[in-house]
Amino acid sequence: MENDVVIRSEGLGKRYMIGHQSASEPYVALRDVVVHKMHRLGRTAVDLVRGRPIVAGDELEEFWALKDVSFDIKRGEVTGVIGPNGAGKSTLLKILSRITEPSEGRVTINGRVASLLEVGTGFHPELTGRENIFLNGAILGMTKKEIKGRFDEIVAFAEIEKFLDTPVKRYSSGMYVRLAFAVAAHLEPEILIVDEVLAVGDAQFQKKCLGKMQDVSQQGRTVLIVSHNMAMIRSLCSRTIVLSAGSVASDGDVDDGIQQYLCDRDATATGILLEGRKDRQGNGRLRFTDVYVIGKSGVKNVLYMGEAAQIVVRFSAAEIVKTCDVSIHLENIWSDTILRLATRETTTPFYNLTGEGSITCTIPKLQLLPARYYVLIAASIPPAYEYLDYVSHAAVFEVLEDDVYGSGKIPEYGAFFTECEWRTGS
Amino acid sequence: MAGLTVAITKKDQAHRTPERVLVLEAGRAERHYWRDLWSYRELFAILAWRDIAIRYKQTVIGIAWALVRPLLTMLIFTVIFGRLAHLPSDGAVPYPVMVFAGMLPWMLFSTVLSEASNSLVSNANLISKVYFPRLIVPCASSVVALVEFAITFILLVLMMLWFGVLPDFRIVFLPLFIALAVLASLGPALYITALNVKYRDFRFIIPFIVQFGMYVSPVGFSSAVIPEKWRLLYRLNPVVGVIDGFRWCLLRGQSELYMPGLYLNLVVIAALLWLGMSYFRKTERTFADLI
């Protein structure tokens, strides 16, 4: 193994056996139920004798949570592992932290690993804060000497000085989480593996944790983070591995990875292509076949704050549509319209649309705050505005954080941002 | 690069990392199992301490519970076996003292068995979230039993003073039999705790074994009561040798130590321990998936 590769994964796979209830008719008659139960009992008895785990359900299926995962991680790299739920992120971390064994392939790890898959692992409610610091520290792999050396720092970080000798079952949930994170934050391994643990506590404490994580990543330690928080991944990581359905979908640049992940997620979330959508209104003389929002990067439906954006609408019309007004609503996740762009207010209608074609609406600077937005699209015939086609949630796009004010801070409140100047007067 | 490597190696030594390069593969046996176990001794100590610290939290009489249970059982056994059934004691030893000297190792055995057997399942949150050699958990939980044993032992000393039964030189062998009691229990306990991860049925079997075992083992009576022809067969129960050994050490040899029986006991204990250990080691890599 080369000197600077600290984690090497080769063809890693993890298989689980899962049980299903068979799809056949439900058991109604008592006789059927009894026969069925006896059958199950027989099978579990066989499992027991052969030493196999008992799986619920009547049909067994192999399920590969990870399949053929290979990557190298170099010393000092901060890598984000992202992917939709069920992509195998947590399984990967569990294998790397030795909790579970791979079913195939191998991992070679070069250095002392500490993993943080949960905040406050092993905390005991009956023990005091002080006792739990030692217990949790030891569980996370710190020696007693190390814990003693950092004890004051941990207590100060958690801000629980007054309650150090109170059993943690009397703590508020905020205090509990702060203490748990404080212990974890003071781990100093060569390789740190973290699973979505920063999503705890109040916003202020989260920022403190993020700061601490940033310190860690700047100390040249190798870190592997799983998170759904793209802003965090973007600010901490130098590389991302995108997992999708148990295998590596992309590996490399952070922004590319994030975009890949968001595209994957929306493909699975929306599921149906716009063309096949049935939940639409209108007389159908014109149909939208595709809608997407595109920014500088050229990746569909992912933009950074303040980027120039194009909303591209593809349509098909069997016969000529003489006049057509198009309106595009951008909605937030609560379906409030944030912005409506309509040809009838901004320009003239389109004339004589026919066959396949596209309509593009260009916005020089889309000043939305980072969030997820939905596109509602409608085409209608003036002056009565009879709908040709009308689809809500036709597309979904994500606006990602960017330091638009150059202040290092991301605007949090409201829906929009805009340039502004401040001055005082008498 | 060379400088960096040296620095990290030094740091590693400070942390006593047993192996610099770790390879994780399907079915790979842990090559440094015992060394790995040793490097986690601090965790062992702290888990044992935790189990002791929380055992009597939020109870009124606290650690006194460790005394009440054996004391009451001893009284009942003395009345039933000694007074009602008129079973003989060993030599001139008062019946309560004989019962209590047998009760101690039995309590040690059964507490280790029940604590260790449930230990993995009751620490499921640890097993599924952090790595450490799993053997630590059942072993640490048996420390509780040893602490309780020490407390009950004080009671036995008081009782022996009260009845004027003083031990002789044989007491120096007592630590051996204490160790034997723990080992006798740890073998089956490791087997059962590993099975318990997969099949929770064993959680219900343990209380039964403990209850049944107390009457099958010579706790309330002397093993001399057993007819001659069954003597050796009776020693297949590993606790018999331990209880006899305790009485022999404490009661000036007035309880006879049947040597062939003891050897058989040692063989049974070693076999159970080997069986428990090997099953535990074989299955411990899958604990996190099954628990």
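**Exercise 1.** In this predicted model, find which residue of β1(B) stands opposite A:I109, then work out how the two strands pair.

*Solution.* Start at A:I109 and look across to β1(B): the residue standing opposite is B:L22. Now widen the view to the strands. Strand β1 of chain B covers residues 21–25, and β4(A) pairs with this strand over five bridges. The sense of the pairing is antiparallel.

**Exercise 2.** Describe the side of chain A that touches chain B: how many residues are in contact, and which element gives the largest share?

*Solution.* Begin with the count: 38 residues of chain A are in contact with 32 residues of chain B. Next, pick out the elements on chain A's side. α2 (89–96), β4 (104–110) and α3 (129–139) each supply at least two residues. The largest share, six residues, comes from β4(A). Finally, sort this side of chain A by class: you get 16 nonpolar, twelve polar and ten charged residues.

**Exercise 3.** Decide whether α5(B) and α9(B) are roughly parallel or roughly antiparallel to each other, and list the residues that meet.

*Solution.* Grab the two helices of chain B first: α5 spans residues 95–122 and α9 spans residues 202–216. They pack at an angle of about 175°, with their axes 10 Å apart. Angles over 145 degrees count as roughly antiparallel, so that's what α5(B) and α9(B) are. Now for the residues. From α5(B) come B:W106, B:S110, B:L113, B:S114, B:S117 and B:N118. In α9(B) they meet B:F202, B:R203, B:I206, B:V210, B:G213 and B:M214. By class, this helix contact has six nonpolar, five polar and one charged residues.

Note on methods
Residues numbered from 1 in each chain as written. Chains lettered and ligands numbered in written order. Predicted model: local features only at pLDDT ≥ 70, side-chain atom pairs only at ≥ 80, totals over all residues. Axes fitted to C-alpha atoms, helices over the stretch in contact; angles between N-to-C directions. Helix = DSSP H or I, 4+ residues; strand = E, 2+ residues; numbered from the N terminus. Parallel < 35°, antiparallel > 145°, perpendicular 65-115°, else oblique. Contact = placed C-beta atoms within 7 Å. Nonpolar A, V, L, I, M, F, W, Y, C, P; charged D, E, K, R; others polar. Pairing = 2+ DSSP bridges.
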